[in-house]
Amino acid sequence: MALLEVRNLTVEFATTSGTFRAVDGFDLSLDPGDVTAIVGESGSGKSVAFLAVMGLLPWTATITSDVMMFDGTDLNGLSPARRRQIIGKDMSMIFQEPMTSLNPCFTVGFQIKEALRIHLGMNRSERHARAIELFEQVGIPAPETRLRSFPHQMSGGMNQRVMIAMAIACKPKLLIADEPTTALDVTIQAQILELLTSLQEETGMALVLITHDMGVVAETAEQVSVQYAGQKVEQQDVRALFSTPHHPYTAALLAALPERAVSKHLPTIPGVVPGQFDRPDGCLFSPRCQFATDLCRTQPAPVATPELGYSRCHYPINLPVEEVV
Amino acid sequence: MLNFLLSRLLTFIPTFIGVTLISFSFIRVLPGDPIIVMAGERGMSEERYAALREQFGFDRPLISQYWDYMTGVLQGDLGNSFVTKKPVFDEFFTLFPATLELSICAMLFALLLGLPAGVIAAIHRGKFFDRTLMSTALIGYSMPIFWWALMLIIVFSGMLGWTPVSGRMSLMFYFDDVTGFMLIDSLLSGQKGAFASAVQHLILPTIVLGTIPLAVIARQTRSAMLEVLSEDYIRTAKAKGLPPSRVTYIHALRNALIPVVTVIGLLVGTLLAGAILTESIFSWPGIGKWMVDSIFRRDYPVVQGGLLLIAVMVMIVNLTVDVLYGFINPKIRKS
């Protein structure tokens with residue numbers, strides 16, 4: 001049975017100028033122990049989809065979905081109190097900005113032990129022992145003294161380690177990492193990714209890595225789902241995606257990697273992700289797509305077969321040889 | 001911490017000198033002559049007037065009068081009142097507990113209502129409670145204190161008869177000052193009903209004096225909470241699965257208190273200024289009423305000394321607030 005099953009998730013925000021659809025028909029199926037990357041540009045709705053799964057969106061958001069099951073629990077229509085028993089325990093999340101994601105008024109020790117008390121009901125000495133164990137697990141030196149530190153006394157990398165320790169404190173079945181390395185130095189980025197993957201191997205939890213960095217995807221994930229303007233446009237195994245992308249958007253993203261550049265100028269994708277007012281009628285990528293036809297501009301694209309990576313495109317590229325013939 | 005305290009105390013020196021200069025010149029700028037006021041309607045002869053002027057030193061240049069005054073101040077002598085002949089210092093500390101008691105009650109009233117009101121308004125932003133509260137706060141802030149006091153007296157003392165109109169204690173009770181705080185002294189006296197009478201006398205002045213601080217604190221708490229509630233660490237706290245009450249009152253309020261404490265420090269000045277009006281209206285025998293009476297009597301030493309002592313009180317309170325900061329905001333404590 002899938003650990004997390006999401007089908008046709010849509011998130012709309014009520015704004016003063018009408019509703020804005022941030023996530024449009026998001027699908028995901030995760031088995032225990034899976035490592036999946038969700039890739040997309042800023043504004044593609046990748047963070048919002050998972051904030052919806054966690055139940056962390058503000059009240060201005062309207063969330064609808066056909067299926068939203070986590071570990072046998074239906075998240076749709078779950079009471080907030082029941083939801084709180086799941087999040088932070090079986091399903092937890094870390095965020096982009098470690099420096100602002102920790103409360104500046106409390107020691108990191110307090111912030112870690114809090115979850116242990118609420119979810120596991122540990123007593124004071126048990127909490128302290130577990131917090132030290134967690135700090136050692138995420139590679140924070142001198143845990144005894146570090147527990148008494150405030151977030152501003154530590155570096156961004158250390159704070160992200162604290163966030164990770166906090167997220168894995170109750171041995172979750174699923175860890176969602178929302179751009180965990182974006183705000184960090186390149187050297188620290190590698191360390192944090194390494195820590196995440198090694199923790200995943202150690203504990204067997206499922207890991208969702210939300211990122212816009214294809215390099216991060218290549219290093220860590222097994223499955224990749226590419227998001228564009230709130231829709232999933234392609235989903236494949238990581239090797240297959242890098243070798244034979246089926247959606248023009250994926251291909252364009254890969255072509256923009258410096259490592260893959262063949263010409264002197266790095267290829268880019270012209271334009272930006274459509275916002276609230278410039279949403280095209282047909283395929284959402286059509287205004288920026290080099291292969292777009294009139295069909296693309298008028299008709300929404302269908303979702304292709306699993307063999308074609310569920311590619312949401314009228315004309316998937318890199319077709320298997322026999323089909324071309 | 002010690003360095004911090006010392007450097008803050010050093011900045012007190014210019015403020016202190018400034019206050020003495022202002023209070024000294026302010027009372028002398030007012031039209032009216034203290035000696036004429038002392039004589040009252042009877043008037044006095046030219047010779048007597050000249051003799052009194054010489055006795056009080058008003059015939060000498062202002063600069064030398066200021067020098068004498070400052071020499072006294074630095075030796076802890078604020079002079080004697082023209083009217084009662086008692087040392088200003090003693091009078092101030094006899095009356096100060098009354099003002100302090102009223103101010104503390106007004107501040108507690110403002111905090112106990114203002115903090116939760118601001119928090120609840122922030123949580124229900126844009127809804128009915130929020131809008132009602134914020135417009136009420138605006139009215140409370142802009143309302144003239146004396147008018148508000150008169151309205152309350154008319155309704156609660158006049159029409160309903162629930163509270164006394166003025167004073168600190170019913171005439172039925174008499175006991176000696178121990179602490180100067182009527183609430184404590186009435187309990188210590190052991191007289192039945194004395195404490196209740198003290199409370200009854202406090203209610204209206206407390207509400208009147210606390211109204212502006214209440215409005216300011218409620219609005220400040222609301223805006224600080226709104227800002228904090230959209231911070232990343234609040235999302236983290238929610239992501240941990242903490243109950244909303246814990247997220248609001250522990251994770252958010254602690255951070256929101258930082259700007260609120262600043263405002264509270266500034267409000268102490270407002271409170272003492274408000275005390276002057278409130279005490280006059282309710283005949284509350286505190287330093288506010290004392291200052292007003294002294295200004296009418298042109299009692300120079302009292303006005304100078306009283307203003308100076310009030311300014312020192314405000315400075316001490318602000319220093320306390322700065323120290324408090326460190327406890328609330330760890331970032332300041334360590335740096």
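Modeller: A residue counts as buried when its relative accessible area is under 20%. Please keep in mind that this is a predicted model.

Colleague: Understood. Is B:Arg298 buried or exposed, then?

Modeller: B:Arg298 has a relative accessibility of 15%, so it counts as buried.

Colleague: Where in chain B is B:Arg298 found?

Modeller: B:Arg298 sits in the loop between helix H12 (287-296) and helix H13 (300-328) of chain B. Its phi is near 50°, which is a positive value in a residue other than glycine.

Colleague: And what about A:Ala142, where does that one lie?

Modeller: A:Ala142 is in the loop of chain A between helix H5 (124-137) and helix H6 (143-146). It is not a glycine, yet it has a positive phi of about 50°. A:Ala142 is partly exposed, with a relative accessible area of 48%.

Colleague: Let us turn to the sheet in chain A. In what order do its six strands come?

Modeller: The order in this open sheet of chain A is S7-S8-S9-S3-S10-S11, and the pairing is mixed. Strand S7 (91-94) and S11 of chain A stand at the edges with a single partner strand each, so each has one side without a neighbour in the sheet. From one strand to the next, the twist averages 15°.

Colleague: Which helices pack there?

Modeller: Helix H1 (residues 46-54) of chain A lies across strand S3 (35-39), S7, strand S8 (174-178), strand S9 (206-211) and S10 of chain A, and runs at about 145° to S7(A). Helix H7 (residues 156-167) of chain A also packs on the sheet, where it touches S7 and S8 of chain A. The direction of H7 of chain A makes about 175° with that of S7(A).

Colleague: How many bridges join S10 of chain A to S11(A)?

Modeller: Strand S10 (residues 223-228) of chain A is joined to S11(A) by six bridges, and the two run antiparallel. One opposing pair is A:Gln227 with A:Lys232 in S11(A). The two strands form a hairpin with two residues between them, in which A:Ala229 takes a positive phi near 50°.

Colleague: Which strands pair with S1 of chain A?

Modeller: Strand S1 (residues 4-15) of chain A pairs with strand S2 (residues 18-30) of chain A in the antiparallel sense over nine bridges. These two form a hairpin with two residues between them. S1(A) also pairs in the antiparallel sense with strand S5 (residues 67-70) of chain A, over four bridges. Four bridges likewise join S1(A) to strand S4 (residues 61-64) of chain A, again antiparallel.

Colleague: What stands opposite A:Glu5?

Modeller: A:Glu5 stands opposite A:Ser29 in S2(A) and opposite A:Met69 in S5(A). For A:Phe13, the bridge partner in S4(A) is A:Ala61.

Colleague: One last topic: how do H5 and H6 of chain B cross?

Modeller: The axes of helix H5 (residues 88-123) and helix H6 (residues 128-142) of chain B come within 8 Å and cross at roughly 135°. H5(B) and H6(B) are therefore oblique to each other, and their crossing is left-handed.

Colleague: Which residues make the contact?

Modeller: H5(B) contributes B:Ala117, B:Gly118, B:Ile120 and B:Ala121, while H6(B) contributes B:Phe129, B:Asp130, B:Leu133 and B:Met134. These contact residues divide into six nonpolar, one polar and one charged.

Definitions and conventions:
Residues are numbered from 1 along each chain as its sequence is written. Chains are lettered from A and ligands numbered from 1 in the order in which they are written. This is a predicted model: local features need pLDDT of at least 70, side-chain atom pairs count only at pLDDT 80 or more; totals for chains, interfaces and linings use all residues. Side-chain values use heavy atoms; hydrogens and water are left out. Two strands pair if DSSP finds at least two bridges between them. Axes are lines fitted to C-alpha atoms, for helices over the stretch in contact, and angles run from 0 to 180 degrees between N-to-C directions. Angles under 35 degrees count as roughly parallel, over 145 as roughly antiparallel, 65 to 115 as roughly perpendicular and the rest as oblique. A crossing is left-handed if the near helix is turned anticlockwise from the far one by less than a right angle, and right-handed if clockwise. Contact means heavy atoms within 4.5 Å. Ala, Val, Leu, Ile, Met, Phe, Trp, Tyr, Cys and Pro count as nonpolar, Asp, Glu, Lys and Arg as charged, and the others, Gly among them, as polar. Buried means under 20% relative accessible area, exposed over 50%, partly exposed in between (1.4 Å probe, protein chains only).
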